[in-house]
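Biologist: I am new to this structure. Could you take me through some of its parts?
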Amino acid sequence: MNWYGLYTLFSKEVWRFLKVATQTILAPVITVLLYLLIFVSVLEGHVEVYQGISYSTFLVPGLIMMSIIQNAFANSSSSFFQSKMTGSLVFLLLPPLSSLEFYLAYTGASVLRGLLVGIGVWIAALFFVSLPIYNFWILLSFSILGSALLGSLGLIASIYAERWDHVSAFQNFLILPLTFLSGVFYKLESLPEFWEAASYYNPFFYMIDGFRYGFLGVSEINISLSLLIVSGFLVIVSAICLWILHIGYKIRY
Amino acid sequence: MPPAIKISQLHKHYKTLHALRGVDFEVPTGCFFGLLGPNGAGKSTLINIMAGLVHATHGNVRIMGYDVRQQWRQARQSLGIVPQELVIDPFFSVRQLLRLQSGYFGLGAENNPWIEQLLDSLNLSEKADTNLQRLSGGMKRRVLIAQALVHKPPVIVLDEPTAGVDVELRQALWAFTKHLHKNGHTIVLTTHYLEEAENLCEQFAILNQGELVALDSKSAILARYPYRFLRLTLTNPNVNLPTTLQANVQSIQNGELVLRFHRKNDQIASILDKLRIAKIHFSDLRTEEPSLEDVFLNLTTAKKA
Ligand SMILES: Nc1ncnc2c1ncn2[C@@H]1O[C@H](COP(=O)(O)OP(=O)(O)OP(=O)(O)O)[C@@H](O)[C@H]1O
Ligand SMILES: [Mg+2]
């Protein structure tokens with residue numbers, strides 16, 4: 001392993017998003033706060049998802065996880081795609097960096113950005129709701145697994161993409177629908193039967209549900225099962241990502 | 001000691017295009033090597049295969065004895081590439097970029113003195129903290145060269161480093177590469193400035209349409225060209241050349257007549273006789289050896305016809 005090379009690439013990726021932290025951290029936090037304001041002011045008092053838990057308390061964990069995974073995806077996809085477009089990707093292809101080192105550096109930076117945004121949203125939300133942590137380790141596991149999953153998905157998308165709209169298509173037609181249909185805003189049980197059944201095939205649902213458990217101590221699905229499913233998806237997506245990096249798909253001709 | 005670069009039976013297909021057709025040669029360690037060929041000959045493809053940026057369809061390349069696919073870490077560590085395209089990372093300053101690049105090769109702060117030395121030798125010290133976006137084209141070119149050298153590779157490949165570079169910088173770059181060569185680096189150079197290649201390189205490979213058409217030392221390659229030239233300064237620029245000489249005329253302009261004659265089959269004496277008979281007088285006479293350009297054109301255009 002070229003550990004120092006991996007560390008350098010990881011720091012470069014972190015440095016890149018910290019340099020524009022207003023865009024990469026602050027802006028997403030504000031977006032989520034807007035969601036929170038709108039949904040809570042409309043629905044608070046009308047909807048009770050779990051007994052004894054207010055709607056805002058139900059909503060905030062989902063919103064935090066949503067922002068974690070969206071930003072993890074945005075980080076690796078925009079960074080990698082940009083270096084592909086400027087051509088500066090060549091400077092990462094010439095040194096002795098393996099596909100695993102490449103993958104770990106990009107995914108690691110995505111996880112870090114996801115976590116920072118997540119913490120930002122959580123702190124900001126504390127001004128609106130009281131949200132004690134039920135199990136810190138569950139929160140940490142789900143946020144790391146989820147952001148790593150989306151980070152590697154972002155890498156795959158940007159390796160595949162040839163134009164910016166390919167990346168945004170990935171975001172708008174895959175990530176966004178899967179996030180909105182994952183039970184961030186509601187409980188699956190409250191959906192019509194078909195959509196409820198379909199939602200069980202959505203990996204995002206297990207991330208949101210498991211993460212929420214870390215705050216509230218209640219979940220729709222057994223927490224170990226969610227953990228298993230999310231880990232399984234991470235393994236599959238990472239394997240695909242490592243494979244296309246290894247064969248140099250659309251990178252090395 | 002293995003050769004710096006060993007290329008064996010290399011083929012590259014890009015979909016339907018057969019860009020390299022069984023290229024086979026070695027670059028000896030410590031050599032200043034010229035890789036020449038017209039546009040589209042396959043030079044960059046060959047270089048990109050050395051760098052691992054392109055995968056060969058068949059055959060292999062070894063850098064300092066390391067196979068670029070099997071022992072890619074050692075191969076890449078041994079190779080410094082200056083790519084043909086001017087690419088930059090718009091996020092960083094020159095010094096930051098060089099430190100990152102050195103880090104990717106596994107080198108930490110211990111390499112910083114070398115980076116400062118590179119900045120200094122390439123006249124980049126003043127711009128070391130400037131963002132790359134705000135550098136001129138020539139400066140970006142120098143940054144590319146510095147980037148290729150951060151890990152002190154024994155083999156350095158420059159893919160048209162002087163394209164779009166002014167005369168002064170070109171001279172400076174050549175002086176710098178000569179210096180690297182003197183310090184024991186193997187240098188592979190592609191350029192379309194043949195006169196400069198002729199001055200710098202000790203050995204040449206000439207590619208044409210994906211095939212190696214010549215591989216030799218400078219003197220041997222120049223000797224391949226069967227003709228020499230006779231340059232005459234005419235006393236009367238308006239002369240009628242006799243038909244017996246028409247076949248030998250290379251050019252005639254501004255009162256300078258250049259005749260081409262075959263090393264073996266033509267004799268200077270008989271040419272001079274013909275001139276005397278035709279009453280063509282001249283005030284000066286010189287013989288000239290062919291230049292690399294003549295050989296190059298001879299080898300790369302003959303093929304097309
Ligand atoms: N990625 C690619 N996909 C398809 N064809 C390619 C690709 N890269 C190069 N080619 C083709 O391969 C041939 C050789 O190209 P190459 O860039 O190696 O030439 P070159 O000798 O470097 O030319 P130049 O002097 O113009 O730089 C050309 O016909 C080119 O169009
Ligand atoms: Mg080229």
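Predicted model: local features only at pLDDT ≥ 70, side-chain atom pairs only at ≥ 80, totals over all residues.

Biologist: In what order do the 4 strands of the open sheet stand?

Modeller: The order is β2-β1-β4-β5 in chain B, with antiparallel pairing. Strands (E, at least two residues) and helices (H or I, at least four) are DSSP runs, numbered from the N terminus. Two strands pair if DSSP finds at least two bridges between them.

Biologist: Which strands stand at the edges?

Modeller: β2 (17–27) and β5 (66–67) of chain B do; each has a single partner strand, so one side of each lacks a neighbour in the sheet.

Biologist: And how many bridges join β1(B) to β2(B)?

Modeller: There are 8 bridges, and the two strands run antiparallel. Tyr14(B) is opposite Leu17(B) of β2(B). The hairpin of these strands has 2 residues between them, and there Lys15(B) takes a positive phi near 45 degrees. On to β4(B): 5 bridges join β1(B) to it, again antiparallel, and Ile5(B) has Ile63(B) as its bridge partner in β4(B).

Biologist: Turning to Thr45(B), is it buried or exposed?

Modeller: Thr45(B) is buried, at a relative accessible area of 10%; buried means under 20%, exposed over 50% and partly exposed in between, with a 1.4 Å probe and protein chains only. Thr45(B) lies in helix α1 (residues 43–51) of chain B. Leaving aside residues up to four places away in sequence, Thr45(B) touches Lys12(B), Tyr14(B) and Leu20(B), where contact means heavy atoms within 4.5 Å.

Biologist: Now chain A: at what angle do α3 and α7 pack?

Modeller: Helix α3 (residues 55–86) and helix α7 (residues 164–180) of chain A pack at about 165 degrees, with axes 11 Å apart. That makes α3(A) roughly antiparallel to α7(A). Angles under 35 degrees count as roughly parallel, over 145 as roughly antiparallel, 65 to 115 as roughly perpendicular and the rest as oblique. Axes are lines fitted to C-alpha atoms, for helices over the stretch in contact, and angles run from 0 to 180 degrees between N-to-C directions.

Biologist: Which residues make the contact?

Modeller: Among them are Met66(A) and Phe73(A) of α3(A), and Trp164(A) and Phe170(A) of α7(A).

How values were computed: Residues numbered from 1 in each chain as written. Chains lettered and ligands numbered in written order. Heavy atoms only, no water.
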